[in-house]
Amino acid sequence: MKILMVGAGAVGGQFGAYLHESGADVHFLLRPARKEIIDKEDLTLDLPTGKVRIQPRTLTAAELTPNYELIVISCKAYSLDSVINDITHAIGEKTVILPLLNGLRHLEILGQKFGHNRVLGGIAKTVATLATPSCIQIKHGPGNITVGARTLEQQANAEAVAATLHAGGVHTYFSEHIMDDMWDKYCLMASLGAANCLLGGAVGEYMRSQAGGEIALQLFKECADTAAASGHPLHPESIERIQQALTNRHSGFSASMYRDMQAGLPVEGDHLVGDMMRRGESLGVACPTLKIAHAVLETYMGRRAP
Ligand SMILES: NC(=O)C1=CN([C@@H]2O[C@H](COP(=O)(O)OP(=O)(O)OC[C@H]3O[C@@H](n4cnc5c(N)ncnc54)[C@H](OP(=O)(O)O)[C@@H]3O)[C@@H](O)[C@H]2O)C=CC1
Ligand SMILES: CC(C)(CO)C(=O)C(=O)O
């Protein structure tokens, strides 16, 4: 399967590197400035087990041809419009798209642009950061990807993509209920990211405040109620697991959105927290705490704007 990995950030660079290492036919679509750096310095994965350095095959949007069977998208949500514009020339009749962004709204946006049956459901699980333009720091070992069909027509394509990723050295799960799984991760991600950014700390840090845990659990409740009102109620075990993750006093857990905020970078606040709040409110779920967190994220983004 001919694969185009869009971007070589924390998620795309990592999983693309595993594919490259195991001999898969993978190209990285990079913007010119990044391509120049990676072509000169290679791409290094800094894993707990040591460093892995690869020489990826890179190209820019101007060089794309419509002969990719799989396009993996792992940009931040605020770059999605530019990515959609850039990959248009890489889409052929049989191209399948696997987005690995957190959240859900990108599925609708990509589906409207390229056709819903092309866009699979996908989840990346990892804790990774682009430490320098040519080095990705990965905590807790190699991450994994979950793939699944969002429509009946996609089933065979989703299975083929999962098999290709697995054969390409990526820890891959195939999900028969990908939308439930995406909602599960979305609820974790939105409540964790909102709590980290609103309260200004990783889980163990905000748990030292009197109300930190209560606020994090309220954020999660609003997300879980929204998931249930959307027809994707979380499993009781998931609810318990996420509640524990959000209130563990000894945990350094934080969302990539918080790490981005600490680094002064743009954040996916509207895609993750704003979208959850709007979905909830449109279904009659009260989301007062998500609303406060969204306002904090919008204020942050507004302050960054030139
Ligand atoms: N980091 C993590 O641990 C996890 C992140 N996620 C989710 O995955 C998604 C990606 O996050 P992450 O990997 O951290 O983000 P990064 O910022 O590390 O990487 C995004 C990459 O996308 C590239 N990009 C943006 N636009 C284009 C374009 N038009 N053409 C080519 N490349 C482009 C950027 O390139 P450039 O270098 O040129 O700016 C950047 O390197 C997010 O939705 C995030 O929430 C999910 C699980 C874990
Ligand atoms: C699950 C979590 C929080 C792990 O890093 C994540 O997806 C993110 O940070 O973007």
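Modeller: This is a predicted model, in which local features need pLDDT of at least 70, side-chain atom pairs count only at pLDDT 80 or more, and totals for chains, interfaces and linings use all residues. Residues are numbered from 1 along each chain as its sequence is written, ligands are numbered from 1 in the order in which they are written, and side-chain values use heavy atoms, without hydrogens and water.

Modeller: Start with polar contacts, pairs of N or O atoms within 3.5 Å. An oxygen atom of ligand 2 lies 2.7 Å from a side-chain N or O atom of Lys-185. For Asn-102 the corresponding distance is 2.8 Å, and for Ser-256 it is 2.6 Å.

Biologist: What percentage of the accessible area of ligand 2 does the protein cover?

Modeller: Accessible areas come from the Shrake-Rupley method with a 1.4 Å probe. On its own ligand 2 has 280 Å², and the protein covers 91% of this.

Biologist: Which elements give two or more residues to the shell around ligand 2?

Modeller: Helices (DSSP runs of H or I, at least four residues) and strands (E, at least two) are numbered from the N terminus. Those elements are strand S8 (121-132), helix H6 (178-199) and helix H10 (256-262). H6 supplies the largest share, 3 residues.

Methods: Polar contact = N/O pair within 3.5 Å; in protein donor to acceptor, adjacent residues only side chain to side chain.
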